[in-house]
Each structure stands twice: as C-alpha cells, then as structure tokens.
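Hi,

Here is the structure I promised to pass on. Have a look at it first, and then read my notes below.

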Amino acid sequence: MTAALTGSVTTTAPAGPAIEARGLSKRFGAILALDGLDLRVPRGSVFGLLGPNGAGKTTTIRILTGLARPTAGSASVAGVEVALDEPRLHRRVGYLDQDPRFYSWMKGRELLELVGRLHGLAGSELRTRVGEMLIRTGLVAAADRRIGGYSGGMRQRLGIAQALLHGPDILFLDEPVSSLDPEGRRDLLELIAGLRGEATVVFSTHVLSDVERICDRVAILDRGRRVTEGPLEELLAAHARPIFRLVPASGQDEAVATLVERLRAATWSTDVAADRGLVRVTVSDADAAAAGLLPLVVAAGVVLESFERARPTLEDVFLELVGPAPTAELDGRGFVRPREVGPR
Amino acid sequence: MSGFGALLRKELLEQWRTTRLPVVATVFLLVGLSSPLLARFTPEILKAVGGDQFQIVLPTPTAADAYDQLAKNLGQFGALIAVLLAMGSVATEKERGTAALILTKPAGRAAFLAAKLVAIATTLGVATVIAAAGAWFYTLVLFEPLAVPGFAAATILQWLALVAFAAITFLGSTLTRSSLAAAGLGVASFIVLGILSIVPTIGRYLPTGLGEPARGLALGQPGVDVLGPTVASVVLIGVLAGIAWLAFRRQEL
C-alpha cells in the first residue's frame, strides 16, 4: 500500500466543517448508546474517534454514514443533511465497516468495479481506478480470486480499496486496522496519514498509539457522551498530568511496596501504579515531584535501573478523562456495559 | 433510481455465479418435459400399477391434458421455486451486512430493491420459457402442435403468476431479517390465495386466477378475458414492491 492517491471523482466540497453533529442521541430499547453528542470535524483533518468498547463510536459512524437514524439530533456531512437513503451523501463519503462483509461469490476486482460503477465511473477510467486501488492495497495477485477465499486481512484491505476508490471527500474508518498484521497496519496508518489535507478522515479505534501516530484532532467518547475534543497537542497540554516512570532493579518487592505506599501518601502524587517492574507516578506538581521523588526512593532503600520524566501520552489523557472501567461496569467478557436508562 | 444498472448487472451475475439460474432453469426444463409425458402415459402407468385389480377408464389424453399438467406443475413447483428464490434476497443481505456495503454508495434503496426483483423475475422468466419450450415440443411429439402465439401468451401469464408469488415473498424478505420468515409468508400466501381462488368474484383477479385465461390462450379458446386478471396481478406486484420500498427506506442497516 504505497502508491500515491490520484485524482478524485467527486465534485468540489462546499465550505464549512466536514462533519457537524448536533445533539445526536441514539437509544436501543433501554440502552442509550449516544447521549446528545456534538461534534465538529474540520475539513482535511485526520480525526480520531476514541473511546472504550460501548462508548458509541460505531453508532456515531453508522449515523453519519446514513446506516442508522438518530433518536434525536441531526448531523450534516460534507454539507448534506444525514438521512437514510441519501445517495448525495454517499457520493462524498467512503466507509469501511469494522467487520467488512462482501459477496463471497464475487472476485475482488468485480467488487471494486461494482463500487466504481455505483460512483458513476465507467470504461477506462473505471479500469484505471480499480487497477490503482488493487496496487495500493496489495491485492493485485488476488484480484481475480473469489472473495470467499480471502483472509481477514485481505478483506480489510479490499474494504479500504472500495472506500477509497472514488476519492471521497470524507472517509469513515471504523476500527480499520483490527484484523491487519503489523505490516498491513503500518501501511494503512501511513496511507491514512497521507490523506491529510486531501480528504477528511474519521478514524475510530480504541488503540491509542494509532491515534497518536496519525490523528491531528481527537474526540474522546465515553458511554455515548463526548468527554473532550480538540487538537491532539492541546488535549495533551490540557489534560495530561506530568508522569514519572521508575524501573526498580529486580528482587526488591518489599522495598518497592514500601516506596509505592510512600509515593501514594505524597501530596504531589495523584496516582501511583506498579505493574510488571514499572512504577508509574502521575503528579499534580512536576517541580515538587522532581524534588521529592528521589529522596523517597532512597528512604525506601530501592535501587533504580532507570528513572525518567515521561512525555504525557494520549493514554494518560484517556485515563485521566475516562478512567479504567469500574469492575461493576464490565460485562462478562470484560467490555464496558453501555448505560441503561429508564423510559423518557 | 440511482445505481439501478450497476446493481442489476450484479444481481444477474449473482444469479448465474451462485448457480441459481442454471439450477432453476434445469428444474423448470424437467417440469416442462415431464408434463406432456405424464399426461400421455398416465393411463398406461395406472394400468400397469393397478393390473387387473382396478378397472379405471380414462379418456384418451389430449394436448389439453398436456397443457393442464404443465400448468399444474408450474403452479406448484414453480411457485415453490419462486418463494425459494425470493426468500433470502433482501433478508440475507441485511443479515450479512452486504446491504450496508452497497447502501453506503450512491445507490438508492429503490434501485437496490428493483434490481433484485427484476433479477428474480428474469430468472423465473428464462426458466419459464425453457419449461414452456420443452413442454410445447413434447406436446408436438406426443400429441399435436399448439398454436405458438397463444402458447407464448399463456407462458407470459404463468410467469406473471410466479413473479407475484416471488413479490409476496420478496416483501417478507424486506420486512424481516429472516429468510425463513419470508418463506413462511410466501408459502402462507400460496395457501391463502389457493383458498381464495375458489371464490369466483375474487379468484379471477388473483395470481392463481391467471391459470384460466392462460389455458384459454394456450388452447386457442375464443373469448378469453386476459386483461382484468393480468392488470390485477401487475398492480399487485407493483403494490407489493411499493410497500417493500416504503418499509426498506426507513430501515436501519
């Protein structure tokens, strides 16, 4: 997946944000999957939609692509009011489902040709675009094989090819790298990053490192609500607290436990986590922590292999804003339960 | 109907690639060939089976008996196959997620449904013509030739009745996510229409009522009322397709 994106077949996009959602709510029976979601995605951005399982990411994308109807609120995508059965919307967007399904009897090339025809491509233009997408997604060798015989990764790449075929203004990718191998994952992330400024990409995931790698703006959802939204650097600056990472030498379990207790008692520490040989200290006052942390280490008699003040990451922001799911909110599979509400 | 041409092409390719068209055409050919044979040899078969124990007197078979046998077989096997063809057409795509794949492209939902219904009607059309051709040929060999224009017109009416059964099932397939539920609706409608067909004032305007004018046309009988039953069936198919569209355009995928 290395070739460059070539010309778009869509028309000039109208001015304004690429996506604007106004108070979107979605209820499935007693489950409130989206709760008054407001969203504004600038044109040309690579926008990360972040959240734990059950946060409402997929529901948001399904509404914005016209597959589902909001219970309340409205949204516009590329200047088109979102609705079911709205071909004007679908001319401007590309969409990849988190579990893309295709016709197993069809060949990969035939699927892309069908999608191209639906977008109004024909003749040599259609063949050229299909050929480009097959090269770009590394599916040339499999193009004339039936999709039923494709692996999960190949189906994902075919999904990306069909979503990009017409050069969409806005690309919705729902967990796009979930079934890719590391190489495919890297290639896809590079491809998405390469679309910056050319198309607007909305990219949902719960893999925070992927978002940090390619997104310039992020919205964090939790149980159907937008917790925060903005440029990645601003979120890091606003929400990520200073963090110190300590790696004690092995074989000092008792001393490390004492150190953790003392760190938790320190006025400048807000969170101390010790796991697999790493002590992670989140602090409210970086200067006070820098001055007070090492004396506590010495006092506990802990020998350190390394000590560093870490750059806050999106994971820190995420944990700060969303936090780990309380055990009571996890279902039997370890997923976060969506919020249940009574009838309104 | 944005995307209708591309979707029809896909549907027809699917009918061929999944062997639905070849299988249905083969079954219909067997129905077509066997109908005159059954009509011709039923007296001999009964005589052979019954031996000297039964004394059954049957009139000498005629070309009309051959046609009646064809109409009966198509009305039963054909209707069942129409139900089988239509039962999963929309429900399966909704359930598997392929409908969402297509309908996030500039394809209207009306085009999506119309392409499917036209493809099913095409498969039934090809198969019915093959059955009719086989039946006509064996009727020629075993009895006497039937007039081609009348026989062709009768074939169109038989096809229309099958499309009506497919359209009822198609509506069920659109309303639900279950192929079995759609098939249930198709089979139930077959039974209900069969019962209603004995009511003279209603029966002639039902798809099952197309049999009578079709017979008249095939056998060259005078004064056959084709228009009323034909228009009624066409309207029924249109109404069923319209209801399917009204329901489908509001469905989440």
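In chain B, helix H7 (residues 148–175) packs against helix H8 (residues 179–196) at an angle of about 145°, and their axes are 8 Å apart. The axes here are lines fitted to C-alpha atoms, for helices over the stretch in contact, and angles run from 0 to 180 degrees between N-to-C directions. Helices (H or I, at least four residues) and strands (E, at least two) are DSSP runs, numbered from the N terminus. On the H7(B) side, the contact is made by Phe165(B), Ile168(B), Thr169(B), Gly172(B) and Ser173(B), while H8(B) brings residues including Leu185(B), Gly186(B) and Phe190(B). Contact means C-beta atoms, placed from the backbone, within 7 Å. By class, this contact has 7 nonpolar, 6 polar and no charged residues. Ala, Val, Leu, Ile, Met, Phe, Trp, Tyr, Cys and Pro count as nonpolar, Asp, Glu, Lys and Arg as charged, and the others, Gly among them, as polar.

Before you read on: this is a predicted model, where local features need pLDDT of at least 70 and side-chain atom pairs count only at pLDDT 80 or more, but totals for chains, interfaces and linings use all residues. Residues are numbered from 1 along each chain as its sequence is written, with chains lettered from A and ligands numbered from 1 in the order in which they are written.

Chain A has a helix pair too: H9 (residues 253–265) and H10 (residues 286–300) cross at roughly 145°, their axes coming within 9 Å. That crossing is right-handed. Leu296(A), Val297(A) and Ala300(A) of H10(A) meet a set on H9(A) that includes Leu259(A) and Arg262(A). The classes there are 6 nonpolar, 1 polar and 1 charged.

As for how the chains meet, 21 residues of chain A contact 22 of chain B. H3(A) gives the largest share of chain A's side, 4 residues. That side divides into 11 nonpolar, 4 polar and 6 charged residues.

Arg223(A) sits between strands S9 (217–222) and S10 (225–231). Buried or exposed, which is Arg223(A)? It counts as buried, because it has 21 C-beta neighbours inside 10 Å (the cut-off is 20 or more; 12 or fewer is exposed, and in between is partly exposed). Asp85(A), with 19, is partly exposed.

Cheers

Notes: Contact = placed C-beta atoms within 7 Å. Left-handed = near helix turned anticlockwise from the far one by under 90°.
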